[in-house]
Amino acid sequence: MSHLDRVLRYWLVVVGLSISAFAQEATVIRPASERFQDTTTGEVPDFQRHVIPLIGRLGCNTRSCHGSFQGRGGMALSLFGYDFKADSNALTTRSESEEGLRINHQAPKNSLILRKAAELVDHEGGKRLDVDSWQYNLLERWIAAGTPEASQGRSVISLRVQPSELRWDRLGSSSVIKVEAIWSDGVQEDVTCLTRFRVNDDSVATVDSDGHVSAIGY
């Protein structure tokens, strides 16, 4: 084998490895809104990655709801979901009332947290999701799987927001924000549907729950 052949083969190997590594790094899990829209999915939602972010997205752990110091309706959650252990205990601790069980593993659809959120029974916080929506399916799947707790020793190491900067030259311009989470175990996931969006100055721009941003002022 000539020197040139060896050099070419070396670079082919290096380039091949680089492409393979890049492809692996760039693999991002589809958003939960797509995966759990399918009721036949065998995926079990992760408490830390999916359940608590969804509860936050629905506004259940804010100061005006179950995240208040005294809780609400007999259930207290940590403010904005900072305490996974406490929230797991709060959601899964047996609570039986005339309305039913908070968590019903034998009949997940009869779980009070689903019936309340869908306002199938009276709920002071109002309707938070629709029956058979991806949000409903995600929570039902978690209950049916036995309400597994948060995985230990795992954390978000970074969030990738695209685009990283918005520049508009006229009013009415708009963009869509996409958010990806990178976890310490290497998993990357599109978490746009689990993200709560807000703007610091709503006289300049508006943003909806799906990350659609519009310029309305200077």
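Asp46 lies in the loop that links α2 (32–35) to α3; helices (H or I, at least four residues) and strands (E, at least two) are DSSP runs numbered from the N terminus. The structure is a predicted model, in which local features need pLDDT of at least 70, side-chain atom pairs count only at pLDDT 80 or more, and totals for chains, interfaces and linings use all residues. Residues are numbered from 1 along each chain as its sequence is written, and side-chain values use heavy atoms, with hydrogens and water left out.

**Surroundings of Asp46**

- Residues up to four places away in sequence aside, Asp46 touches Val51, Ser151 and Arg154, where contact means heavy atoms within 4.5 Å.
- A polar atom of the Asp46 side chain lies 2.9 Å from the backbone nitrogen of Gln48.
- Asp46 and Pro148 are 102 residues apart along the chain, yet their C-alpha atoms are separated by 7.7 Å.

**Packing of α3 and α6**

- The axes of α3 and α6 are 11 Å apart and form an angle of about 130°; axes are lines fitted to C-alpha atoms, for helices over the stretch in contact, and angles run from 0 to 180 degrees between N-to-C directions.
- This angle makes α3 oblique to α6, the class left after roughly parallel (under 35 degrees), roughly antiparallel (over 145) and roughly perpendicular (65 to 115).
- Phe47, His50, Val51 and Leu54 of α3 meet Trp134, Gln135, Leu138, Leu139 and Trp142 of α6.

**Nonpolar cores**

- The largest nonpolar core has 28 residues, of which Leu138 and Trp142 touch the most other members; such a core is a set of buried Ala, Val, Leu, Ile, Met, Phe, Trp, Tyr and Cys residues joined through side-chain atoms within 4.5 Å.
- At least two residues of this core come from each of α3 (47–57), α4 (84–92), α5 (112–117) and α6 (134–144), and α6 gives the most, with six residues.
- Apart from this core lies another, of eight residues, including Ile177, Ala181, Val191 and Val213.
- Not counting residues up to four places away in sequence, the contacts of Trp142 include Pro45, Phe47, Leu91, Ile103 and Pro148.

**Ser175 in strand β4**

- Ser175 is found in strand β4, which spans residues 174–176.
- Beyond four places away in sequence, Ser175 touches Leu166, Trp168, Gly211, His212 and Val213.

Methods. Buried < 20%, exposed > 50% of the residue type's maximum accessible area, 1.4 Å probe, protein only. Polar contact = N/O pair within 3.5 Å; in protein donor to acceptor, adjacent residues only side chain to side chain.
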